[in-house]
Protein chains: 2
Amino acid sequence: MLIWRINVHERSLERTPVPDGWKTLGGRGLLARILLDEVPPTCDPLGPHNKLIFAPGLLVGHMLSSCDRISVGGKSPLTGGIKESNAGGSTGLQIALLGIQALILEGAPAGDEWQILVIDSSGARFEPAGPIAGLGVYAAARSLRERYGDKVAISLIGPGGEMQLRTAGIQNLDKDKVPSRINARGGLGAVMGSKRLKAIIFDAAGCDKPPIRDPEGFKAAQKAFTTALMNHPQTAVYRDFGTAGVARLCDTLGAIPVRNFSVGQYEDLESISGEHLRQTLLQRGGKANPTHACMAGCTIRCSNNYAGENGEEIVSPLEYETISLMGSNLGISDLDDVARLNWLVNDLGIDSIDAGAALGVAAEAGLLSFGDAQRAGELLREIYTGSPLGRMLGHGAALTGQVLGVRRVPVVKGQAISGYDPRAIKGTGVTYATNPQGADHTAGLTIRAKVDHLDPKAQIDVSRNAQINMAGYDTLGACVFAGFGFAASPESIRDLLNARYGWSVDTGILQQLGRATLKLEREFNRRAGFTAADDRLPEWMTEEPLAPTQAVFDVANEDLDGLYNW
Amino acid sequence: MLIWRINVHERSLERTPVPDGWKTLGGRGLLARILLDEVPPTCDPLGPHNKLIFAPGLLVGHMLSSCDRISVGGKSPLTGGIKESNAGGSTGLQIALLGIQALILEGAPAGDEWQILVIDSSGARFEPAGPIAGLGVYAAARSLRERYGDKVAISLIGPGGEMQLRTAGIQNLDKDKVPSRINARGGLGAVMGSKRLKAIIFDAAGCDKPPIRDPEGFKAAQKAFTTALMNHPQTAVYRDFGTAGVARLCDTLGAIPVRNFSVGQYEDLESISGEHLRQTLLQRGGKANPTHACMAGCTIRCSNNYAGENGEEIVSPLEYETISLMGSNLGISDLDDVARLNWLVNDLGIDSIDAGAALGVAAEAGLLSFGDAQRAGELLREIYTGSPLGRMLGHGAALTGQVLGVRRVPVVKGQAISGYDPRAIKGTGVTYATNPQGADHTAGLTIRAKVDHLDPKAQIDVSRNAQINMAGYDTLGACVFAGFGFAASPESIRDLLNARYGWSVDTGILQQLGRATLKLEREFNRRAGFTAADDRLPEWMTEEPLAPTQAVFDVANEDLDGLYNW
């Protein structure tokens, strides 16, 4: 494996061996190390000193179930802090096949022309994007597939990334060539836009899988892991209902966002539940029925193709975060409406969580009525125009709230809270508050922890463990749901890594990687100017009771500040 | 003197003796002490925990030349840090006559109805604002004078403050009853708006001047100070040209903002110079000709009434900061145009510096052309509508730059840089970077220091001294220009304070007050989450050379971080 370093100003490529300090890292952990080593933490995230880095996790490249994710990182234009965002699809696998441990994009472009960066085993080249620049994600992906064929992986940005909007993500093809697997959070698409890259093509033709030091050991460990994963009851839930399976639980806990996080239970919950989604998928049919995998080899298959009444696909996939943030959070109860809004944000190439939260805030300010899906769509379409209104919304909930003067803005470190109100699931609130990434459920969701979610005293350990584990999984390249298998068979992580690399780590390796990653990330943020004042939920969430639990977020600040004392 | 504490929720008044720790403080120093003692530094600036405080300086109440200023403070919605903004006019005098050392407004209003707070010797009462709510500053001031008579002082907000825009100021009547003396910077008008107060009436009828312990000593010291002030050559410059007298010097240094701070010398400088302004005033006439005082007793008389070709007043006063930020910074060379834009921002009740900087940023993003005064006026009028575009602009340069994705945004700590480009006057750049208030020339302008303004090594001491002195003057209630007199006669400060209060301070008192104030302010900001990362100029100013000097801001970060080591 090598480090590939590309300067977008010089259009130069340098391939170097992996430095010693980076060798035992991958994915999120490697990003944190590189960013701390190379990016000035106070730099302008959209200026010449920021870098955009792609790094596959340590286990990527072998089609292990749910373990081929690609981590992308940089300094976030949304939070001003460190950012890692990972996605499924085919990019992780292809980049690992190319033998790239990290692809580092640096410098500022010399001109304004949009480029496509093509990476194959022979090296890298820049090609003018031509008419592909300016296209929405779906049309751009179609054109790119025509130009580069159907064997390559593609990471691309939409109009949101081109406009350097703070919620812009990077989209990757899933195994069925749909550009739906998104490094969604924190504005990394804007960083890619600041480098004037419309797309990156990863062509691993002729490349072999990364070498495995002990193939037999690897195979045995893979089997143990896959068996554990398949046997986990939660795996079946995701296979049947996708991520939407969590909606009922979240509603039962009084933690689903409703009308800009003003209520925690939704009167129309059943119409947006995973159960209703499954019925709809079964009834209407579609390409994959009812669910399918986003990465080759994944046994969970939580993704779906959501078709309209005529059986034509509206969007793929339709997931819980979008359903809650653009559904109940906007008072929209028709999954067809949510799916259409989802298609729009995907085509714009922006994060559906932050876009949904921004619309919720805009509704509170009177720009739309809760429940008005048509107006929500109009406002999203305004983003294509690049108008101040469109740009404001496309920058997400924090900036929208600032411009419109709304007090009830659901963000931490400038990033929108996902579909779990932290007043009713306080452990996840601890994660939102203290994680270096800003509010993000994938940084440490606690909804399944055996704990009273309303007890402010019981959350620190729960959140800490979840955050450490997630930082570990993100370093492996493992999906959050792979964790069901790994948790049931922790020795399989040890055995996979030892077999893959010839190491001799023990079963504590997941937590070691997770702790090290969090420390590095937190240090980056400290140097960027973050303090304990940033490790807080918004003031109104500590004062405004959430029906029906009437809970406020009341985990003590001292407890939050002690989370990193481990 | 007493502390008056008004809870806007309860509509209650409590008058208490001045606590021991507050007794020797006034103005900006007292605000810093109270804010640190009473306001949670991480609170929502527009929420229930912030307080809006009015405090006259230590020398206020005696019509000493240029020494009756009113300091207003709170946590700033613009910077997120501590904020003091002081103004001339009649408010300082009246509040001192009322025996109020500090007026503390706290709590959140119970309802949405706009109120007028009336303060007289008998106490305080709330009256419904009725139709005065929603009016622009000029019409509102007219109505208030009709309702409350012409003997009272008035502090009021415009539509900007009602909309809680981050550049909203608080306007005070000058001695000629024009609502033109503005606590302009940092959004304190928005804090007043968050308390639902359209105006505060200060009626000191029947009140005596604050007691003087040694009247003869006071009179002698006053004479020494006034003589020193009158004899200072700079006093005559301000008397003749107003603050616009600095335009030529600033241009000569290559430090005047031109077209969004992209150049430091203006091809049309003469048409916006103080000399041209004076000729215009003399030619066109007007109420006071060419300059007049804003406060009773001021001998400098730097204010003016700017009349159009027909001799009708357009705005009063027209000052250098507005001329540079809304003139050269927008490529607008006609003072009539600048005066009309100035009237608009005054009527909106927003800061002309931040509004001008916001328009400069908007011009860079293509919302108007540089030089197009008509479009600039249209954009300012958009603010009245409360549209997202209008609100964006009314929140100032930082937010406008964020929404529009402009890299060249001239702000520090979220507050716009005033009319001195810090690349060519680096000492003032040090002030912008390190002062707790954010970019603000009145926090320590160094343009008249005997120093090579381009030498990065020579600026720390110069800025430190200026910042300490200014914090001292702001604590006394003295105008920055009073400093010409005090600098020439430092013992007069000692003698005035000792005579007024029966103290026995020495000539170091100005710096003692200044240092103490800065330390308190910095501590507030530290607790609010500020770090060294906030004590920086924007990245582009350290990299983009400024014609004609080709200077970048290159004072070393270590030097900036050492400023407070004294």
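Let's start at A:Arg11, which sits in the loop between strand 1 (2-7) and strand 2 (12-17) of chain A. Helices and strands here are DSSP runs numbered from the N terminus, with at least four residues of H or I for a helix and at least two of E for a strand. The model you're looking at is predicted, so local features need pLDDT of at least 70 and side-chain atom pairs count only at pLDDT 80 or more, while totals for chains, interfaces and linings use all residues. Residues are numbered from 1 along each chain as its sequence is written, and chains are lettered from A and ligands numbered from 1 in the order in which they are written.

Most residues other than glycine have a negative phi, and most peptide bonds are trans. A:Arg11 counts as partly exposed because it has 15 C-beta neighbours inside 10 Å. (Buried means 20 or more other C-beta atoms within 10 Å of the residue's own, exposed means 12 or fewer, and partly exposed is in between, with C-beta atoms placed from the backbone.)

You'll find A:Ser66 in the loop between strand 3 (52-56) and strand 4 (70-75) of chain A. Is A:Ser66 buried or exposed? With 31 C-beta neighbours inside 10 Å, A:Ser66 counts as buried.

Then there are the cis peptide bonds. One joins A:Ser316 and A:Pro317, with omega about -10 degrees, and A:Pro317 lies in the loop between strand 14 (313-315) and helix 10 (320-326) of chain A. In chain B, the bond from B:Ser316 to B:Pro317 is cis, with omega near -10 degrees. B:Pro317 is in the loop between strand 16 (313-315) and helix 10 (320-326) of chain B.

## Chain A as a whole

Zooming out, chain A has 21 helices and 16 strands. Its C-alpha trace spans about 55 × 50 × 50 Å along the principal axes. Of the 566 residues of chain A, 62% count as buried. Take the contacts in chain A with a separation of 6 or more: 70% of them are between residues 24 or more positions apart. (Two residues are in contact if their C-beta atoms, placed from the backbone, lie within 7 Å.)

The largest nonpolar core has 366 residues, and A:Ile53, A:Ala102 and A:Ala362 are among those that touch the most other members. Such a core is a set of buried Ala, Val, Leu, Ile, Met, Phe, Trp, Tyr and Cys residues joined through C-beta atoms within 7 Å. Leaving aside neighbours within four places in sequence, A:Ala102 is in contact with A:Ile3, A:Leu30, A:Ile34, A:Ile53, A:Phe54 and A:Ala55.

Over in chain B, the axes of helix 1 (residues 27-38) and helix 17 (residues 460-476) come within 4 Å and cross at roughly 90 degrees. Those axes are lines fitted to C-alpha atoms, for helices over the stretch in contact, and angles run from 0 to 180 degrees between N-to-C directions. Helix 1 of chain B and helix 17 of chain B are therefore roughly perpendicular to each other. (Under 35 degrees counts as roughly parallel, over 145 as roughly antiparallel, 65 to 115 as roughly perpendicular and the rest as oblique.)

Helix 1 of chain B brings B:Gly27, B:Arg28 and B:Gly29 to the contact, and helix 17 of chain B brings B:Ala471, B:Asp474, B:Thr475 and B:Leu476.

## Where the chains meet

Chain A can be laid on chain B with an RMSD of 0.0 Å by a turn of 180 degrees and a shift of 0.0 Å along the axis. The two copies are thus related as by a two-fold rotation axis. The superposition is by least squares on the C-alpha atoms of residues with pLDDT of at least 70 in both. Which residue of chain A comes closest to the rotation axis? That's A:Leu389, at 3.3 Å (C-alpha). The same surface serves both copies, since 100% of the contact residues of chain A recur in chain B.

In all, 25 residues of chain A are in contact with 25 residues of chain B. Helix 14 (388-394) and helix 15 (397-404) of chain A each supply at least two residues of the side of chain A that touches chain B. On the chain B side, B:Leu404 is in helix 15 (residues 397-404) of chain B, and it counts as buried because it has 22 C-beta neighbours inside 10 Å. Not counting residues up to four places away in sequence, B:Leu404 touches A:Pro388, A:Arg391, B:Val361, B:Ala362 and B:Ala365.
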